[in-house]
Amino acid sequence: MTRRAKGVVVAGHGVASGRAGDSPFPSGTIALQAPHFAARGLDLTPFVPATVNLDLAPHRLRVRTPRWTFRDVEWTDVHGPETFSFVECTVRRGEEAHDGLVYLPHPETKPMHHQPSTVVELLLPRLPDLAAGETLEVAIPDDQAVLE
């Protein structure tokens, strides 16, 4: 079974994409992390190397069994290794559906740039002219995570 929820695109920190001026990662964290995930079996090349932040309020995502979990990923010398999980998803924008991933850096290993509990970070193919304030619908398989 798959759960669906609508959410609003919100501005993120700009660190994943490299747009944040004060970030120690000018090429973006996703671009730096992607080779580490690829070496462990997850190819992120179908996706833009940035996250789309979707506020699902009042819902929160509770992870059950993510499709992928990578522990102790040493992708930078700025801080220690991190653990990441990924949940498959489908995002509907109008009549178009796009396969993507929910990107989940584990908070206990992530030293900075935390998101509000109702915001999910999505890795998606390029969605032309996507902007903050736009509504998207996300569908997530119940066996990987649930929307509460």
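User: Before we count anything in this predicted model, what is a salt bridge?
Analyst: Side chains of opposite charge can pair when their charged atoms come close. The term is used here for a side-chain nitrogen of Lys or Arg that lies within 4 Å of a carboxyl oxygen of Asp or Glu. By this rule, the count of salt bridges comes to 4.

User: Which residue meets Asp142 in a salt bridge, and how many residues apart in sequence are the parts that the pair ties together?
Analyst: The side chain of Asp142 meets that of Arg3, with N to O at 3.4 Å. Asp142 lies in the loop between strand E8 (135-141) and strand E9 (145-147), whereas Arg3 lies in strand E1 (residues 2-10), so the parts tied together are apart in sequence by 139 residues.

User: Is Asp142 buried or exposed?
Analyst: Buried means a relative accessible area under 20%. Arg3 has a value of 39% and is partly exposed, but Asp142 has a relative accessibility of 10% and therefore counts as buried.

User: Where does Arg67, the salt-bridge partner of Glu88, lie in the chain?
Analyst: The closest N and O atoms of Glu88 and Arg67 are 3.9 Å apart. The pair links distant parts of the chain, 21 residues apart, with Glu88 in strand E5 (residues 82-93) and Arg67 in the loop between strand E3 (61-63) and strand E4 (68-73).

User: Which residue forms a salt bridge with Glu134, and is that partner buried or exposed?
Analyst: The partner is Arg93, and the closest N and O atoms of the two are 2.6 Å apart. Glu134 lies in the loop between strand E7 (119-123) and E8 while Arg93 is in strand E5, so the pair ties together parts that are 41 residues apart in sequence. Glu134 is partly exposed at 22%, whereas Arg93, with a relative accessible area of 15%, is buried.

User: How many helices and strands does the chain have?
Analyst: Read from the N terminus, the elements run β-α-β-β-β-β-β-β-β-β. The secondary structure therefore comes to 1 helix and 9 strands.

User: Where on helix H1 do its buried residues fall?
Analyst: The buried residues of H1 (residues 29-39) are Thr29, Ile30, Gln33 and Phe37. Seen down the helix axis, these fall within an arc of 75 degrees, so they line one face of the helix. Pro35 and Ala39 are exposed on the other side of H1, while the cover over the buried residues includes E4, E5, strand E6 (96-105) and E7.

User: What share of the chain's residues count as buried?
Analyst: The accessible surface of the chain comes to about 7,800 Å², and 50% of that surface belongs to carbon and sulfur atoms. Of the 148 residues of the chain, the share that count as buried is 46%.

Methods:
Residues numbered from 1 in each chain as written. Predicted model: local features only at pLDDT ≥ 70, side-chain atom pairs only at ≥ 80, totals over all residues. Heavy atoms only, no water. Helix = DSSP H or I, 4+ residues; strand = E, 2+ residues; numbered from the N terminus. Buried < 20%, exposed > 50% of the residue type's maximum accessible area, 1.4 Å probe, protein only. Areas by Shrake-Rupley, 256 points an atom, 1.4 Å probe, with all protein chains shown as cover. Arc of directions from axis to C-beta. Contact = heavy atoms within 4.5 Å.
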